[in-house]
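I opened my notebook to get to know a new chain. Here is what I looked up, step by step.

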Amino acid sequence: MACRDAREWHEEWQRRQVEADREASSAEAHRRAETERAEAHRCPLCQGRGYVGPRVCHHRPDQDAINARGLELVRAELVGARRNAVQGEEE
Ligand SMILES: [Zn+2]
C-alpha cells in the first residue's frame, strides 16, 4: 500500500512539474512576444506591422544589406561555376 502511495505521490509530483514547466514557458513566450512587439514598434522597416510587403519582417534594418551582399557573393560563385561547367563541356 505504501508503495502505491509513493507512486501516486510521485505521479502527482510529476504532473505538477509538467504544469509548472508549461506555465513558466508560456510566461517566457509571453515575455518574448512583448519584447518582439516592442522591437517591432521601433522597427523602421515595417513600423510595427511585422510585415514588409508579403514578407515577414525580421526587424533588422541592416539585415537587407547583409543579405544583398551575401546574395551577390552567391550569384558570383554560381556564375563562375556555370562558366567553368560550360567551358568543361566545350572542351
Ligand atoms: Zn520590422
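**Entry 1: What am I looking at?**
I note first that this is a predicted model. I checked the confidence next: the mean pLDDT of the chain is 86, and 97% of the residues reach at least 70. Confidence is highest in S2, at 90, and lowest in H2, at a mean of 84.

**Entry 2: The parts list.**
I counted two helices and two strands in the chain. Going along the sequence, I wrote down the order as α-β-β-α.

**Entry 3: The overall shape.**
What is the radius of gyration of the chain? I found 27 Å, while a compact globule of 91 residues would have one near 12 Å. I then looked up the box that the C-alpha atoms fill along the principal axes, and it is roughly 85 × 45 × 20 Å. I also looked for buried residues: 0% of the 91 residues count as such.

**Entry 4: Helix H1.**
H1 runs over residues 2-42. Does H1 lie largely in the open or is it buried? None of its 41 residues is buried, so H1 lies largely in the open. I tested its length too: at 1.5 Å a residue, H1 should span 60 Å, and its end C-alpha atoms are 60 Å apart, which agrees.

**Entry 5: Two residues with positive phi.**
I stopped at Gln 47, which has a positive phi of about 55° although it is not a glycine. Gln 47 sits in the loop between helix H1 and strand S1 (51-52). Gln 47 counts as exposed because it has 12 other C-beta atoms within 10 Å, and 12 or fewer is the cut-off for that label.

His 59 also went into my notes, with a positive phi of about 55° and again not a glycine. I found His 59 in the loop between strand S2 (55-56) and helix H2 (63-90). His 59 has 18 C-beta neighbours inside 10 Å, so it counts as partly exposed.

**Entry 6: A visit to Val 56.**
Where is Val 56? I located Val 56 in strand S2. Val 56 has 9 C-beta neighbours inside 10 Å and therefore counts as exposed. Leaving aside neighbours within four places in sequence, I saw Val 56 in contact with Gly 50 and Tyr 51. I also looked up its distance to Glu 12, 44 residues apart along the chain: their C-alpha atoms are separated by 42 Å.

How values were computed
Residues numbered from 1 in each chain as written. Predicted model: local features only at pLDDT ≥ 70, side-chain atom pairs only at ≥ 80, totals over all residues. Helix = DSSP H or I, 4+ residues; strand = E, 2+ residues; numbered from the N terminus. Buried ≥ 20, exposed ≤ 12 C-beta atoms within 10 Å, placed from the backbone. Rg over C-alpha atoms; globule rule 2.2 N^0.38 Å. Expected span 1.5 Å × (residues − 1). pLDDT = per-residue confidence, 0-100. Contact = placed C-beta atoms within 7 Å.
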